[in-house]
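Subject: Structure for your review

Dear colleague,

Please find below the structure that I am handing over to you. My notes on what was found in it follow directly after.

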Amino acid sequence: MNLKSLAVLTAVASAAPLVMAGPLAYGLCQTGCNALVGVCYAGAGFVFGATIVAAPPAILACNGGLGTCMAACAVTALLAPTP
């Protein structure tokens, strides 16, 4: 790449506006968390979203993992701006 091309590329890149995609990244992160908890429930022999009167320990562990995942999404994806 020659110097003139690099100068043009730098000018174009610096003129581009900063995109704040935090809420979009947060939604995608939550979708991933829900997919993982669905797999966790299926591994325990249950369906995620179904009503359970007395949750067995495996389901309680899945729910704890979901809470941890959602909290991580809030910290990393929602609060941090994504360029």
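C33 and C69 form a disulfide, with 1.9 Å between their sulfur atoms; the term applies to a pair of cysteine sulfur atoms within 2.5 Å. In general, such a link is a covalent bond between the sulfur atoms of two cysteines. The torsion about the S-S bond of C33 and C69 is about -80°, so this disulfide is left-handed. Because C33 lies in helix 2 and C69 in helix 3, the pair ties together parts that are 36 residues apart in sequence. Helices here are DSSP runs of H or I with at least four residues, strands are runs of E with at least two, and both are numbered from the N terminus.

Before going further, please note that this is a predicted model, in which local features need pLDDT of at least 70 and side-chain atom pairs count only at pLDDT 80 or more, while totals for chains, interfaces and linings use all residues. Residues are numbered from 1 along each chain as its sequence is written, and side-chain values use heavy atoms, with hydrogens and water left out.

The two cysteines of this pair can also be described by their accessibility. A residue is called buried under 20% relative accessible area, exposed over 50%, and partly exposed in between, using a 1.4 Å probe and protein chains only. C33 is buried, with a relative accessible area of 2%, whereas C69 is partly exposed at 24%. G32 lies in helix 2, which covers residues 22–44. The C-alpha atoms of G32 and C69 are 8.9 Å apart, although 37 residues separate them along the chain. At 31% relative accessibility, G32 counts as partly exposed.

How many disulfides does the structure hold? There are 3 disulfides. A second one is formed by C29 and C73, whose sulfur atoms are 1.9 Å apart. This link of C29 and C73 is left-handed, with -80° about the S-S bond. It joins distant parts of the chain, C29 being in helix 2 and C73 in helix 3, 44 residues apart. C29 is partly exposed, with a relative accessible area of 25%, while C73 is buried at 0%.

Another disulfide joins C40 to C62, with an S to S distance of 1.9 Å. Its torsion about the S-S bond is about -80°, so the link of C40 and C62 is left-handed. As C40 lies in helix 2 and C62 in helix 3, the pair ties together parts that are 22 residues apart in sequence. C40 counts as partly exposed at 32% relative accessibility, and C62 is buried with a relative accessible area of 4%. With bonded cysteines counted along the chain, the disulfides follow the pattern 1-6, 2-5, 3-4.

Which residues make up the largest nonpolar core? The core has 8 residues, namely C33, V37, Y41, I59, C62, L66, M70 and C73. Helix 2 and helix 3 (57–78) are the elements that give two or more residues to this core, and the largest share, 5 residues, comes from helix 3. As general background, nonpolar side chains tend to be buried together in soluble globular proteins.

Y41 deserves a separate look. Y41 is buried, with a relative accessible area of 6%. Leaving aside residues up to four places away in sequence, Y41 touches F46, V47, F48, I52, I59, C62 and N63, where contact means heavy atoms within 4.5 Å. The structure holds 1 aromatic pair. The rings of Y41 and F48 have their centres 5.2 Å apart and their planes at 75°, so the pair is edge-to-face. Rings of Phe, Tyr and Trp (its six-membered ring) pair if their centres lie within 6.5 Å; planes under 30 degrees apart count as stacked, over 60 as edge-to-face and the rest as tilted. F48 is partly exposed, with a relative accessible area of 35%.

Finally, the chain as a whole. The protein chain has 3 helices and 0 strands, and its elements run α-α-α from the N terminus on. Of its 83 residues, 12% count as buried.

Yours sincerely

Technical notes. Core = buried A, V, L, I, M, F, W, Y, C linked by side-chain atoms within 4.5 Å.
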